[in-house]
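Me: Please take me through a few features of this model, one at a time. For each, I would like the general idea and then the case at hand.

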Amino acid sequence: MTISLFITCYNDTLFPETGKAVVAVLERLGHTVEFRAAQTCCGQMHYNTGYPHDAAAMMHHFLRVFRDAETICVPSGSCVAMMRDHFPKMAHESGDAEAVRACDEMLPRIYEFSELLIDKLQITDTGAHFPHSVTLHSTCHSLRSLHIGDRPVRLLHAVRDCTFVELPRADECCGFGGTFAIKNADVSAAMLADKLASIRETQAEVVTAVDNSCLMHIGGGLSRRGIPVRTMHLAEILASTHAEATL
Amino acid sequence: MSVHVGQAAEAPAFQAAAKDLLQNQQLRRNVRHATEVIRNKRAKVVGETPDWQELREAARRIKNHVMRYLDEYLERFEHACTRAGGHVHWARDADEANRIVIDIVKRHGGTELIKVKTMTSDEIRLNAALEAAGITPHETDLADLIIQLGHDKPSHIVVPALHKNKTEIRSLFLEKMRLGELGESAEALADASRRYLREKFLRVPIGFSGGNFAIAESGSVCVVESEGNGRMCVTLPRVLISLVGIEKIVPTFGDLEVFLQILARSATGERMNPYNSIWTGVTPGDGPEEFHVILLDNGRTAVLSDGESRETLDCIRCGACLNICPVYRQTGGHAYGSIYAGPIGAILTPQLQSMEHSQSLPYASSLCGACYEVCPVKINIPEILIHLRARVVEQGYAPLTEKVGMKAAAMAFSNGERLATAEQLARLAQKPLVRDGLIRSLPGMLGGWTASRDLRPIPPESFREWWAKREKQA
């Protein structure tokens with residue numbers, strides 16, 4: 001199968017390793033990955049901060065770039081949520097009939113990474129080897145908007161030598177919230193402190209998630225406090241094999 | 001017409017208030033403990049209700065229907081209530097409502113008023129208006145009494161004194177009720193308040209209440225509560241005045257079947273409220289001889305006119321969104337500067353009053369979506385927050401640095417080449433900020449991030465650059 005990767009703007013810039021890991025996993029499973037260089041951003045930051053017109057321009061660009069893609073993989077739960085929750089309404093409001101049609105046809109072909117593996121490719125065992133203890137932060141959008149449920153956990157359970165440790169109060173927001181982390185920095189930091197305490201309780205070596213945005217937030221807090229827990233996108237764990245399974 | 005929501009127009013921005021409140025460790029402990037207790041109770045009684053999702057959907061549909069035909073239902077209510085011997089008054093705003101109350105009390109030569117279950121009276125600042133007119137209001141709901149005695153402000157929709165613990169309440173009672181001695185148990189405190197309040201129930205001839213529901217077909221008003229003080233307040237006085245927001249209408253008595261099930265479970269984690277009082281007009285020899293209902297607008301019809309955020313009015317004030325909210329849990333309700341705190345307050349206050357005075361509220365959320373998930377009438381609070389953020393920007397209240405940053409980002413995101421260039425520029429620009437492989441301090445607004453979090457610098461190669469190289473090699 002040919003899978004088109006929508007890397008998302010911040011993964012492209014800040015977390016290229018996640019993109020490489022997605023490519024590694026999908027190619028290992030025998031699929032072809034394509035990357036369309038014209039792609040940019042889903043518009044989430046603009047939309048959620050109060051700039052819907054800018055976001056709409058990005059949506060139109062996305063729809064044009066990926067119009068004929070067969071299957072689209074997005075290693076970011078919140079970007080998929082942005083598209084599923086808001087694109088149809090935005091397209092409708094734009095009065096562009098072609099955009100409305102494009103949303104209708106394309107949204108069912110867009111998958112968050114763990115959804116792609118489990119729902120579309122029907123895979124739980126990706127052949128990964130990762131001899132470390134891992135806890136999972138259930139990101140808000142993947143949990144409450146995508147309803148991905150235990151998909152990431154099932155994928156982790158199939159990883160050889162990986163010890164999965166459940167995160168207490170896993171359904172609580174880490175306090176990132178996009179521009180919220182800057183506009184309401186103090187409250188965001190207080191929420192993060194709670195999340196870090198929960199992570200510490202697990203004594204896990206690695207905290208993973210399907211969103212690097214939350215992990216960037218959590219990782220920034222861990223680093224500032226000197227807590228030796230590493231943040232890794234789920235794709236990076238699933239990409240590691242015997243040869244490279246060292247932290 | 002002047003619409004105000006309590007003292008929200010004078011309140012500091014959410015960020016500023018939150019910053020102060022985060023320093024108050026006792027308050028944060030109290031809020032955390034109380035919300036956790038209610039949350040767990042709620043989860044238990046919701047979990048045992050097999051048709052919970054159907055009940056939510058039914059409630060949403062009823063509310064949706066009422067909002068669509070609100071004008072008709074309001075007139076139906078007025079007609080039915082009047083026929084049952086009640087008097088219906090229409091108040092466009094807070095000042096008009098206050099004037100109606102004061103006129104009624106003065107006509108009866110009253111100098112005191114016993115009050116219960118009426119957050120809406122805080123919205124119109126009734127107590128201040130009464131005091132200015134020489135009338136003394138007595139709050140009789142225990143939590144409201146605690147707030148009144150302490151010259152405090154409510155911090156929760158259902159549990160207004162949630163930020164206070166038992167010890168704090170005991171010292172307040174000792175001082176304000178002028179008690180020589182007082183035990184330390186909850187029972188002792190309840191006993192003290194009972195003695196204090198019953199004297200007022202038996203003496204003051206004019207009562208004042210809010211209303212959880214107003215039933216259009218019968219003209220009845222319904223108040224639910226846990227203490228029984230509300231029951232006293234609406235049955236003992238000779239004259240009863242009820243202040244009801246126009247959105248509180250339900251079409252029929254039968255609709256309460258849905259709402260009484262979801263409200264109690266969502267609000268206090270009980271299967272049913274201990275006291276459900278429903279009264280219709282006046283009945284000779286039984287209860288108040290004179291009954292007035294004030295139907296309050298105070299900005300509600302303006303909310304109704306926006307199809308995107310209208311469902312804000314569906315709120316039944318259960319407070320479940322406050323208890324689940326990770327932001328509310330950190331700060332408590334005072335940060336929202338309004339009697340309507342938490343996620344629902346963050347969308348209600350800016351719609352009732354002008355955005356000028358509430359521009360920080362739509363941003364007081366991480367959009368985690370927990371509020372929407374628990375809301376018993378399925379108000380999509382995150383969606384409305386986003387809608388209101390767009391209004392903040394549209395009305396010109398966004399900071400200049402943000403507007404410039406968003407414009408620049410929008411430019412960068414307009415095509416792949418521009419994004420690639422922007423990535424290269426950002427890598428260069430970050431150079432002076434990187435120390436030992438980390439960014440520990442950022443300038444301007446972004447400094448909020450680095451106040452408590454490090455940032456990993458942008459790596460030397462973007463994904464798209466890596467991909468292009470790989471393609472070339474292949």
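**Reading local and packing features**

Reply: Lys378(B) counts as partly exposed, because it has 19 C-beta neighbours inside 10 Å (20 or more other C-beta atoms within 10 Å make a residue buried, 12 or fewer exposed, and anything in between partly exposed, with C-beta atoms placed from the backbone). The model is predicted, so local features need pLDDT of at least 70 and side-chain atom pairs count only at pLDDT 80 or more, while totals for chains, interfaces and linings use all residues. Residues are numbered from 1 along each chain as its sequence is written, and chains are lettered from A and ligands numbered from 1 in the order in which they are written.

Me: What phi does Lys378(B) have, and which loop is it in?

Reply: Most residues other than glycine have a negative phi. Lys378(B) is not a glycine, yet its phi is positive, about 60°. Its loop runs between helix H17 (370-374) and helix H18 (381-394) of chain B (helices, H or I, are DSSP runs of at least four residues and strands, E, of at least two, numbered from the N terminus).

Me: Is Asn298(B) buried or exposed?

Reply: Asn298(B) counts as buried, because 25 C-beta neighbours lie inside 10 Å. Asn298(B) also has a positive phi, about 45°, without being a glycine.

Me: At what angle do the axes of H4 and H6 of chain A cross?

Reply: Two packed helices are described by the angle between their axes and the distance between the axes. Helix H4 (residues 52-66) and helix H6 (residues 97-106) of chain A have axes that come within 10 Å and cross at roughly 60° (axes are lines fitted to C-alpha atoms over the stretch in contact, with angles from 0 to 180 degrees between N-to-C directions). H4(A) and H6(A) are therefore oblique to each other (under 35 degrees is roughly parallel, over 145 roughly antiparallel, 65 to 115 roughly perpendicular, the rest oblique).

Me: Which residues of H4(A) and H6(A) meet?

Reply: From H4(A), His60(A), Leu63(A) and Phe66(A) meet Ala99(A), Ala102(A) and Met106(A) of H6(A) (contact puts C-beta atoms, placed from the backbone, within 7 Å). By class, the residues of this contact are five nonpolar, one polar and no charged.

Me: How far apart do the C-alpha centres of domain 1 and domain 2 of chain A lie?

Reply: Chain A divides into domain 1 (2-120) and domain 2 (133-244), and their C-alpha centres lie 22 Å apart. Domain 1 gives 27 residues to the contact and domain 2 gives 23.

Note on methods: Two residues are in contact if their C-beta atoms, placed from the backbone, lie within 7 Å. Ala, Val, Leu, Ile, Met, Phe, Trp, Tyr, Cys and Pro count as nonpolar, Asp, Glu, Lys and Arg as charged, and the others, Gly among them, as polar. Domain bounds come from an automatic or database domain assignment.
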